[in-house]
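Today I am looking up contacts, cores and a helix pair.

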Amino acid sequence: MDNYSQLVERICRSSGLELEEIERRVEAKKAKLSSLISKEGAAQIVAAELGINFDQERLKISELVQGMRKVNVIGKVIKLSPVREFNKNGREGKVANLVLADETSNIKTVLWDTNHISLIEKGKIKENTIVEISNGSIRNNELHLSSFSDIKESKEKIDKVIAEKVFHEKKLSETKSGEEVMLRAFIVNTFEPRYFEVCPQCGKKATNEECQTHGKIKPIKRALLNLIIDDGTETIRSVLFGEQINKLGLKNEEIFSIEKFNEKKRSLLGEEKLFTGQIRLNSFSNTNELTVQEIKDVNPNELIKELEAKG
Ligand SMILES: [Zn+2]
């Protein structure tokens, strides 16, 4: 859901008005202001006029967006990293990282306040604890808690949480090595697949029909494919393995025959996909590469919405 739809839904929840009524008010407000403001801005005014104060409202994790402040959420701690001490520019302190999840999503949460961190050190907040957070802020897709924020254990129950890693769509020009990202990009070039052999038992690389762990084996042939993708800000070399190559629409016979691959190659150029993976520095070429973990088609509904928003 985009920001506008989320906002309208929240106005619905808080005001008890029908969705159509709120949208009618938003349109009216926009018309009155000679379309000088966005739909989102108009919705904010409608909310303010209805006396809705989002400061106190609790949000779902999927609703959190960059730049939000005074954020209130409730979630389950699904991962807790050891507390770290830092010394930066003469300033000493501690920082704690955890992953907070609810039924809609999860988010990396960073604690900077020693009182909050002591809750972790004393074991009052641990993995699986349900916590209530108030007055957090969103920076770089992370929830940050300062000394103005509050975190405490909650008695509420959350049954099912989203524990899988959530990737955020980013622009290539904003990424750095080590980051896990989702990019919407076009395939602008492809290279011929390369082949290697793996052990059928452990999946590790095999050389001369031999596995380091399992000795003499009958290896399985695997492929890797390099692509250059472009998201409008930059290009990056990407590495795909196994079924991710199939997701480009290639059959195994087209992957394992250079000749058939080359016949098919042209149809890949200009294809737009969502690529999820990790940016890694290739120390040999000293450039960043994307190791692709997942490829998805671009959702046509999302595209239509975007085009409508532009037009
Ligand atoms: Zn093996």
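I started with Leu-100 and listed its contacts (C-beta atoms, placed from the backbone, within 7 Å). Leaving out residues up to four places away in sequence, Leu-100 touches Ile-61, Gly-75, Val-77, Asn-106, Ile-107, Thr-109 and Leu-143.

A note on the source: this is a predicted model, where local features need pLDDT of at least 70, side-chain atom pairs count only at pLDDT 80 or more, and totals for chains, interfaces and linings use all residues. Residues are numbered from 1 along each chain as its sequence is written.

Buried here means 20 or more other C-beta atoms within 10 Å of the residue's own, with C-beta atoms placed from the backbone. This core has 21 residues, and Ile-61 and Leu-100 touch the most other members. Among the elements giving two or more residues are strand 2 (71-80), strand 4 (91-101) and helix 4 (114-121). Strand 4 gives the most, with five residues. Helices (H or I, at least four residues) and strands (E, at least two) are DSSP runs, numbered from the N terminus.

I also found a second, separate core of 16 residues, which includes Leu-183, Ala-185, Leu-240 and Ile-279.

Last, I checked helix 2 (residues 19-32) against helix 3 (residues 39-49): their axes come within 9 Å and cross at roughly 110°. Axes are lines fitted to C-alpha atoms over the stretch in contact, with angles from 0 to 180 degrees between N-to-C directions. That makes the two helices roughly perpendicular (65 to 115 degrees).

Technical notes
Core = buried A, V, L, I, M, F, W, Y, C linked by C-beta atoms within 7 Å. Buried ≥ 20, exposed ≤ 12 C-beta atoms within 10 Å, placed from the backbone. Contact = placed C-beta atoms within 7 Å. Parallel < 35°, antiparallel > 145°, perpendicular 65-115°, else oblique.
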